[in-house]
Amino acid sequence: MRAETIKRSGMLLLTAFIWGIAFVAQSVGMEHVQPFTFNAVRCILGGLVLIPCIVLKKRKGEDKEIKSSADRKTLFVGGILCGMALCAGSSLQQIGISLYSADTNVGKAGFITALYIILVPLIGIIRKKKVGLFVWLGVLLSLIGFYFLCVKQGFSVERADWIVLAGSVAFSFHILIIDSYTGQAEGIKLSCIQFFTCGVLCLFLMLLVEQPTWRAIWAARIPILYAGVMSCGVAYTFQIIGQRNMNPTVASLILSLESVFSALAGWVLLKQGLSTRELMGCMLVFGAIILAQLPADKLLSKRKIKEGKEVL
């Protein structure tokens, strides 16, 4: 494996780790502020954090020069589209987390969100990309895992589960949009634009449906700072840079490890645990994540070659 690939994989792994802990910050932050307020403040903060980075890169001569109006258009269109998808995904996720009862594990939200590992290749069908056998098996396994994780007695699913799942769909589109634009635009600038886009959209929704107060925002300053600086400013930027020239399905596999980190963070920081049923659901979902990455066609072709050699 090339050094560059290892470096990008490491950046995505660090992204997943930061995101996993961010589930705790999001859960704690909801004790003080509402979802759109939390996301508006943290995304605008994330955008502001990146401005000095952009200026510093420009002074060092490491900034990618925008040579034409077409390049500028690509940068802004990509950043705005990423911001819109991020707004949808993070808002739905945040609303879902806020609706969970006090005894609900944050790891549950993490594992439901991780279903984007299945959704990314499925959405790829629309882009006329082939979906392998193991992906379809992964879909079936993830649905079974989702049942054990979310469905209670009487075949009921919490409304919050569906909302978090809808957020996972939005995050799937976010990953695919990044895959489309990350090779055409400078990563930090693209990330900065997406945060300001997401922040402005959430700010509008905040003023429309919520009643934020400075006192409440100040009370949630620690989780907001972590979510803004680390989850947004650092992790999402690492995602954009790390995804460059990497298969989006492979990237989503690494990023899906946030589900494991979120469960561990909830256990260590919030003293939360998973029931046997929920743990089984988590294992099935994670198994589906692994299964979806196995190259079925290559394995089958190798098996045929091996069998052919044995015949000879």
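Author: We begin with burial. A residue counts as buried when its relative accessible area is under 20%. The model here is predicted. In it, Tyr-236 has 5% relative accessibility, so Tyr-236 counts as buried.

Reader: Which aromatic pair does Trp-19 form, and is it stacked, tilted or edge-to-face?

Author: The structure holds two aromatic pairs. One of them joins Trp-19 to Tyr-236, with 4.8 Å from centre to centre and 50 degrees between the planes, a tilted pair. This pair links distant parts of the chain: Trp-19 lies in helix α1 (residues 3-29) and Tyr-236 in helix α10 (residues 221-242), 217 residues apart. Trp-19 has a relative accessible area of 8%, so Trp-19 is buried.

Reader: What is the geometry of the pair between Phe-195 and Tyr-236?

Author: Phe-195 and Tyr-236 are edge-to-face, at 6.0 Å centre to centre and with 75 degrees between the planes. Distant parts of the chain are linked here too, with Phe-195 in helix α8 (residues 187-209) and Tyr-236 in helix α10, 41 residues apart. The relative accessible area of Phe-195 is 0%, so Phe-195 is buried. Trp-19, Phe-195 and Tyr-236 form one aromatic cluster.

Reader: Now a helix. How many residues of helix α5 are buried?

Author: Helix α5 spans residues 116-123 and is mostly covered, with seven of its eight residues buried. They are Tyr-116, Ile-117, Ile-118, Leu-119, Val-120, Pro-121 and Ile-123.

Reader: And the surface? Which residues form the nonpolar patch?

Author: For a patch, look for residues with over 30% relative accessible area. Phe-76, Val-77, Ile-80, Leu-81, Met-84 and Leu-201 form a nonpolar patch on the surface, with about 460 Å² of accessible area together. Helix α3 (residues 69-99) gives the most to the patch, five residues.

Reader: Why can residues spaced along a helix point the same way?

Author: An α-helix has 3.6 residues a turn, so residues three or four places apart point the same way.

Reader: Where is Leu-81 found, and is Leu-81 buried, partly exposed or exposed?

Author: Leu-81 is found in helix α3. Its relative accessible area is 33%, so Leu-81 is partly exposed.

How values were computed
Residues numbered from 1 in each chain as written. Predicted model: local features only at pLDDT ≥ 70, side-chain atom pairs only at ≥ 80, totals over all residues. Heavy atoms only, no water. Buried < 20%, exposed > 50% of the residue type's maximum accessible area, 1.4 Å probe, protein only. Helix = DSSP H or I, 4+ residues; strand = E, 2+ residues; numbered from the N terminus. Phe/Tyr/Trp six-rings, centres within 6.5 Å; stacked < 30°, edge-to-face > 60°. Patch = residues over 30% accessible without salt bridge, like charges linked within 9 Å, V, L, I, M, F, W, Y side chains within 5 Å. Areas by Shrake-Rupley, 256 points an atom, 1.4 Å probe, with all protein chains shown as cover. Salt bridge = Lys/Arg side-chain N within 4 Å of Asp/Glu carboxyl O.
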